[in-house]
There are 2 protein chains.
Amino acid sequence: MANVQVLSKGEQTRERLMDIAQDAVLNKGFAGTSIDEIIAEAGITKSGFFYHFRDKNDLAKAMLQRYLDNEWKVFEQLFQQADELSEDPLHSFLIFLKLFADMMGDLPNGHPGCLVASYVYQDFLFSRDVRNMTTEGHQIWRTRFRERLDRIAERYPAKIDVNLDDMADMLSSVADGGIILSKSLHDPSILPKQILQYRAYVKLVFAGA
Amino acid sequence: MANVQVLSKGEQTRERLMDIAQDAVLNKGFAGTSIDEIIAEAGITKSGFFYHFRDKNDLAKAMLQRYLDNEWKVFEQLFQQADELSEDPLHSFLIFLKLFADMMGDLPNGHPGCLVASYVYQDFLFSRDVRNMTTEGHQIWRTRFRERLDRIAERYPAKIDVNLDDMADMLSSVADGGIILSKSLHDPSILPKQILQYRAYVKLVFAGA
DNA sequence: CCGGTACAGTACTTGTGGTACAGTTCGCAG
DNA sequence: CTGCGAACTGTACCACAAGTACTGTACCGG
């Protein structure tokens, strides 16, 4: 809210272009999204578009960077919230997962789609640096979740033999897969339910039944 | 193998066109895949292409149908194999998951991508009937896995309160998400590992630690 | 009042999907 | 051996959309 005011007119237009483009890309793919339709919806000319982005790949890069930054902020905020509610690493992580599931369930029209997943399924369209960004995004998430699981495992020895990297990856898997299922079955409630399945797994592994 | 011999020359070409198209679609998206490049790689003319497919949407539909049929057959085969190795519904399902993970791990270059997931992220490009096919595909898989879980739950009461539809969906989630992670991180071993995480969850829920 | 921001206008090239239709090769049924 | 249909090739064409390039201009703050 207060952030919007700080943006200059140019930055506002740029954000708006990315909003429109992201929505289109998540529904039609990157190649299926034309610059013409973006500028038509934004009420701007093609020249205006190319003032903000060198080319289409530049738009893709800027969109992805923004998406990754946003996701990062959301996770940071939820982790912080959870940490304030419990000192215990396991309880905090379980609270985090609940908050995450709730947030995903509260999206009015369901999750619009993961831009990273979308890019992965069209990676040949993008330059190397954009492709590296999707890879690094997933690596960062793995590390971030893994840290939490390490702290949990210290205090709560796992009931079964389990690789914590795989377990960390599973949250990304379940989220990406849950989004796909939600979209495909037109049921926004699937994503939060899938996150809660993961939560149940974590609970079983570290706390037992 | 023996199946190939049965195909007429036209059917072989049609299959070849779909092979090429599917590979391209999984890497560049549907809109990013041009008919021209498909026919160039197939060594055929545009007329030849339109002899086999009415238009591009017809190709999309045929590809998806073939993909769904194949997946169905693979699962049927693995289920049958597992059933032969154990009469017990839980053990059979766990064997199935192990076989499934092994199969995904044995793919030489990793899983090429799930066509259904790819379509879901570009569903506005397709006609309604194609979109319905992705929905029905996921519904069928849910039902299919749910049946197994029902039979398991009869004999092994779940250790925790769990919704079996969600648990059935989780296999699709983890598979779709695992494929994305494998592609993004350029590590084919992630997908089988994710399936085994799901297997561990099922085991914990019904058999305990 | 000057200069940069933030665009608008115009012109052009290439690619792509799709249509149309006439011709050709080849295996195989009769 | 022949004719017929399957499985294409060749050629020509169209509308239109993406993307590039460059020039022009309104507006706003210092």
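Reader: Why does the end-to-end distance of α8(B) agree with what its 28 residues should span?

Author: At 1.5 Å a residue, α8(B) should span 40 Å, and its end C-alpha atoms are 41 Å apart, so the two agree. The expected span is 1.5 Å times one less than the number of residues. A helix here is a DSSP run of H or I with at least four residues, a strand is a run of E with at least two, and both are numbered from the N terminus. Please keep in mind that this is a predicted model, in which local features need pLDDT of at least 70 and side-chain atom pairs count only at pLDDT 80 or more, while totals for chains, interfaces and linings use all residues. Residues are numbered from 1 along each chain as its sequence is written, and chains are lettered from A and ligands numbered from 1 in the order in which they are written.

Reader: Why is Asp176(B) called buried?

Author: A residue is buried if 20 or more other C-beta atoms, placed from the backbone, lie within 10 Å of its own, exposed if 12 or fewer do, and partly exposed in between. Asp176(B) has 28 other C-beta atoms within 10 Å, so Asp176(B) is buried. Asp176(B) lies in helix α9 of chain B. Leaving aside neighbours within four places in sequence, its contacts are Asp176(A), Gly177(A), Ile180(A), Cys114(B) and Ala117(B). Contact means that the C-beta atoms of two residues, placed from the backbone, lie within 7 Å.

Reader: How much of α9(A) is buried?

Author: Of the 22 residues of α9(A), 19 are buried, so this helix is mostly covered. For chain A, with its 209 residues, 42% count as buried.

Reader: How do you know which way α5(A) and α8(A) run relative to each other?

Author: Their axes come within 10 Å and cross at roughly 10°. Axes are lines fitted to C-alpha atoms, for helices over the stretch in contact, and angles run from 0 to 180 degrees between N-to-C directions. Angles under 35 degrees count as roughly parallel, over 145 as roughly antiparallel, 65 to 115 as roughly perpendicular and the rest as oblique. α5(A) and α8(A) are therefore roughly parallel to each other. Among the residues making this contact are Leu64(A) and Phe75(A) of α5(A) and Met133(A) and Arg144(A) of α8(A).

Reader: What rotation superposes chain B on chain A?

Author: A rotation of 180° with 0.0 Å of shift along its axis does it, with an RMSD of 0.1 Å. That is the relation of a two-fold axis. The superposition is by least squares on the C-alpha atoms of residues with pLDDT of at least 70 in both copies. In chain B, the residue closest to the rotation axis is Gly177(B), at 2.3 Å (C-alpha).

Reader: Why do the copies meet through the same surface?

Author: They do because 100% of the interface residues of chain B are also interface residues in chain A. Each chain is part of this contact, with 49 residues from chain B and 49 residues from chain A. On the side of chain B, α9(B) gives the largest share, 16 residues.
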